[in-house]
Every structure is written in C-alpha cells, then in structure tokens.
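Please work through each task before reading its solution.

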Amino acid sequence: MKFLNRLTPVAMALGALALAGAAHAADTIKIGIPQPMTGPNTQYGDQIQAGALTAIETINAKGGVKGKKLEPILIDDGCEPKQAVPAANRVVNSGAKFAVAHACSGVTVAAVKVYEEEGIVGITPGATSPLVTDTIKPHFFFRTIGRDDQQGPYAAGYIAKTLKPKKVAVLHDKQTYGSGVATQVKDALAKENVNVALFEGINVGDSDYSAIITKLKSAGVDLVYFGGYHPELGLLLRQSREQGLKVQFMGPEGTANQDLVAIAGPAIDGLLVTLPADFTKLPGNESIVKAFKDAKRDPDGAFQMPAYAAVQILADSINAVGEDPAKVADYMHKTTFNTGIGKVEYDAKGDLKDFEFAVYKWDKDGKKTQL
C-alpha cells in the first residue's frame, strides 16, 4: 500500500504531462508535407515546401485558422514509389489530418489509398498522372495541378499547330509519370495526324543512350518528346548534341529542373517544356509574391504556387466547416476557391475542372521564357 502511495504522485505527474501534451497538440492544426527531400528529384520537393511553408507562415501571421496555428510536418518520400506507403503512414502517425502530399506520380498513386482509408485530406501540387485519381476515385484526395490528359494534348496541339514537324519520336522512362504523359502526347499527336515514327522507353539510371540516339537518327525524326524526369533528359540532350543529332526536344513539367542545366550543358538551348502558367504574374498575387521574397524563397517554378494554393484551400475549408476531414472533403468538392493559381473547382474525383498549362523555352544558361 505504501508502495502504491509512493507511485501516485508520479502517476499524477505523468498524467498531467500527457494532458499538457494533448492540449498543446490541440493548439495547432498539423499539415503533413511528404515530399522528396533526398535523391535526384529534391528540387521538386523544395519547390512544394517553399510554397506550402510560405502559405502557412502567411496564414499564421494573420492569426492562423480559427485561432490555431498551422503546423507543418516535413516528411521525406524520396520520390520513390517504395517509400510511398511508409511516408503516408508517417503523416498518419504524426496526427495530421491534412497533407500537401507528394510531388511524384509514382509515389502518389501508391499513397492515395492510405489517405483514403485513414480519412486524411490530401492535396498534391505536383502529381499529374491520371492514375492518381482514376485508380480508386478518391473522396479525400485532390490536386492543385492539371492531369497528364490535360497537359499531353496541350503539348501535342502546340507541336502540331506551331512546330509542325515531319516526324516525331516519343520517348519515356517506363515509369508511371513518364510513360503516362508520353502516351497522352502520342495519342493526341495521332489525332492531329502527326507522324509518330518511334515510341519507345529508356531505362532510368542508364549513363549511355547511344543506342536510342542511333534509332532517332535512323528514323529521321525532327522532334523528340520525352516523358520523364530531368536526369535522363539531361543525358539525352547532351549525348544527342555530342553525337550530331540536332533536333527539337520537348518535355513535360517533370523535366523542368534547374539541375538539368548542369547535366545537359549548352545542349539545353532551345528545349521546350510544358509547365503550369506563370501564376506569379496573375493579377492579385502581388502580396503572395512579396511573401515569398520576404521569406527569401523563389516563387518562380512549377510547383510553388500550386503548393501555396493547396494550403489556402485547406485553410479556407477548415475555417468554413471545422477540422473534421470528412466535412472538409465534402466542402472542397462543392466549393469554388480563389487561390494563388486562380479559381479552383473540383470534380467528383478531386481533379481540377480547369488548369492552365503553358509552353516555355529554355536558353543555354537555363533561363526559361513563356511563349
């Protein structure tokens, strides 16, 4: 009995600490931010973190959401599909009920089921593959970026109507994102009666693409579209130039990484890339651009503004209906939002009803200009 009495103050102290911890946790609204923080695609994660953190800081400076501060939970997914479920589970285990979730489509497709099963509202500012929302038709998962079946036909239309090549090769990296967007471009080019002379995959991580470059030469193509990420495109550009293949190259937003300049060198000159439109120039976004610059962050990239918009949408929804994720998801499906990427409306699967892509041209120094 004396032993129990000696333990009672300890137990009481532990109980008080637990209650204090719970009270502290309840003072914030956690937002998971699982993005590539390691590996070759960290720049995409950096862009999304920049957008999400700038939005969180801006909202917190104005008093937060319903008197609570937004708390970012940074998680590394490596842009690796095998890390998708563990990263999503780390969001769950952090206690976050909301997430600005994943840049890479291969990761996102695998992670969506976790968010859906756990009732966590996730918004991806970067994953464009239709499989993200077509596979299980989620209720809790959304995007602030367009799909590849919007981006691919847009790119194909530009190729057919503006570039007017005689023969096109469409290459891809055999991955979820790369092969998906490449297929969309190939199919849309066929509808435009453009001759696709070659449709072929390359291996991620290879260092020598001489064999495919030889095929491109033999096929006599004058334009190459590549679906995938920047490491492979950088090598393709450089080795094509070195081996005397001087044709127009074009790619999707996943290739538009500044590290591409270091890999491709001067061969980057003239590269065309489809990207989200430059939302920093959108009227009304002056204060958002200033917030980025005040925080010493660059707002000019593919994913910063979509990530900023994702936080805006979550904050507006929580302000409207509270922190219950089911109510937030319901509200998002039926509401029009005014955001850093303009007006946002969702369909039943959480896809944007409309999204603006644009074509950019890169010069030899890696500077890009919207055409």
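**Exercise 1. Locate valine 185, decide whether it is buried or exposed, and list its contacts.**

Step 1. Valine 185 belongs to helix H7, where helices (H or I, at least four residues) and strands (E, at least two) are DSSP runs numbered from the N terminus.

Step 2. The relative accessible area of valine 185 is 0%, so the residue is buried. Buried means under 20% relative accessible area, exposed over 50%, and partly exposed in between (1.4 Å probe, protein chains only).

Step 3. Not counting residues up to four places away in sequence, valine 185 touches Gly152, Ala155, Ala156, Ile159 and Tyr225; contact means heavy atoms within 4.5 Å. Tyrosine 225 is 40 residues from valine 185 along the chain, and their C-alpha atoms are separated by 8.2 Å.

The basis of these values is as follows. This is a predicted model in which local features need pLDDT of at least 70 and side-chain atom pairs count only at pLDDT 80 or more, while totals for chains, interfaces and linings use all residues. Residues are numbered from 1 along each chain as its sequence is written, and side-chain values use heavy atoms, with hydrogens and water left out.

**Exercise 2. Describe how H6 packs against H7.**

Step 1. Two packed helices are described by the angle between their axes and the distance between the axes. For H6 (residues 148-163) and H7 (residues 176-191), the angle is about 45 degrees and the axes are 8 Å apart. Axes are lines fitted to C-alpha atoms, for helices over the stretch in contact, and angles run from 0 to 180 degrees between N-to-C directions.

Step 2. H6 and H7 are therefore oblique to each other. Angles under 35 degrees count as roughly parallel, over 145 as roughly antiparallel, 65 to 115 as roughly perpendicular and the rest as oblique.

Step 3. The crossing of H6 past H7 is right-handed, that is, the near helix is turned clockwise from the far one by less than a right angle (left-handed if anticlockwise).

Step 4. By class, the contact of H6 with H7 has nine nonpolar, four polar and two charged residues. Here Ala, Val, Leu, Ile, Met, Phe, Trp, Tyr, Cys and Pro count as nonpolar, Asp, Glu, Lys and Arg as charged, and the others, Gly among them, as polar.

**Exercise 3. What are the helix and strand counts and the buried share of the protein?**

Step 1. The protein has 13 helices and 14 strands.

Step 2. Of the 371 residues, 54% are buried.
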